[in-house]
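Q: I have not looked at this one before. Can you walk me through it?
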Amino acid sequence: MTVQFDRHYLVELQVSAERVSQLRRIIAAHLRHWSLELHIRPVCRGVEELLTNVHRHVGDDNNCVVEIRWSGRHLTVSVADNGSEMPRLLSSGGGGLSRVMALSDSWGTCRTAEGKVVWFTRYAKEPRTVDLVPLPPLPGAGEFRRPPVAVPEPVPETATASDSAPALV
């Protein structure tokens, strides 16, 4: 039996500093839900870089669309905006597309009728599930059990001198 793993999330937003951190949390939640915890940091960092580029180069008033798709083998993240200027990989920079390139297995750009799309992929293999099966006890494990704690028996009360003396009234 083949399980269909095509997962998809798409959101349209206006880019701002507040939206970048909000979207980062939303994407992290989706990746957790898809059991892709190992990819949360690099994917969220890549999305943050792409959205920061949109904010810096296209502007605040423009809408963009962020899409993540997981096929069970590859995780693809794309950011589409309506800016006409195509991004460039700068050799001297330490951020932007050079960081996206370092965080991904592949990346690219393409022009669209409305602007452009910048995307990156990561190899994200299907997580394995492990059946929970009780394990038998280890050999010799019974030897290390603590002996039961002895509880002393209550001592019967003995008559005291004050008990046998007559009470004075």
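A: What follows goes from the whole chain to its sheet, its helices and a few single residues.

Q: Fine. What kind of model is it, and what is the mean pLDDT of the protein chain?
A: It is a predicted model. The mean pLDDT of the protein chain is 80, with 75% of its residues at 70 or more.

Q: Where is confidence lowest, and where is it highest?
A: The lowest is helix H4, residues 161-164, with a mean of 54. The highest is strand E5, residues 116-123, at 94.

Q: How many helices and strands are there?
A: The protein chain has 4 helices and 5 strands. Along the sequence they follow the pattern β-α-α-β-β-α-β-β-α.

Q: What order do the strands take in the sheet?
A: The order is E1-E2-E3-E5-E4, in an open sheet of 5 strands with antiparallel pairing. Strand E1 (7-14) and strand E4 (106-111) are the edge strands, each pairing on one side only. From one strand to the next, the twist averages 15°.

Q: Which helix packs on that sheet, touching E1, E2 and E3?
A: That is helix H1, residues 17-33. The direction of H1 makes about 170° with that of E1.

Q: Back to the strands. How many bridges join E1 to E2?
A: There are 8, and the two strands run antiparallel. Leu10 stands opposite Glu67 in E2.

Q: And on the E3 side, what is the bridge partner of Glu67?
A: Ser78 in E3 is the bridge partner of Glu67. Strand E2 (residues 63-70) and strand E3 (residues 74-81) pair over 7 bridges, in the antiparallel sense.

Q: What lies between E2 and E3?
A: They form a hairpin with 3 residues between them. Gly72, in the turn, has a positive phi of about 100°.

Q: Which residues of E2 are on the covered face, and which on the uncovered one?
A: Cys64, Val66, Ile68 and Trp70 make up the covered face of E2. Asn63, Val65, Glu67 and Arg69 make up the uncovered one.

Q: What about E4 and E5?
A: A hairpin joins E4 to E5 through 4 residues. The two strands run antiparallel and are joined by 6 bridges. Within that pairing, Trp107 has Phe120 in E5 as its bridge partner.

Q: Now the helices. Which residues of H2 are buried?
A: Among them are Ile40, Val43, Val47, Leu50, Leu51 and Val54. Pro42, Cys44, Gly46, Glu49 and Asn53 are also buried in H2.

Q: What covers them?
A: The cover for the buried residues of H2 includes H1, E2, E3, helix H3 (97-103) and E5.

Q: How far apart are the end C-alpha atoms of H2?
A: They are 26 Å apart. At 1.5 Å a residue, the 18 residues of H2 should span 26 Å, so the two values agree.

Q: What follows H2?
A: Gly59 does, and its phi is positive, near 115°.

Q: Which residue has a positive phi although it is not a glycine?
A: Ser35 does, with a phi of about 60°. Ser35 sits in the loop between H1 and helix H2 (40-57).

Q: Last one: how much of the chain is buried?
A: Buried residues make up 31% of the 169 residues in the protein chain. The accessible surface comes to about 12,500 Å², of which 55% belongs to carbon and sulfur atoms.

Notes. Residues numbered from 1 in each chain as written. Predicted model: local features only at pLDDT ≥ 70, side-chain atom pairs only at ≥ 80, totals over all residues. Heavy atoms only, no water. pLDDT = per-residue confidence, 0-100. Pairing = 2+ DSSP bridges. Axes fitted to C-alpha atoms, helices over the stretch in contact; angles between N-to-C directions. Contact = heavy atoms within 4.5 Å. Buried < 20%, exposed > 50% of the residue type's maximum accessible area, 1.4 Å probe, protein only. Areas by Shrake-Rupley, 256 points an atom, 1.4 Å probe, with all protein chains shown as cover. Expected span 1.5 Å × (residues − 1).
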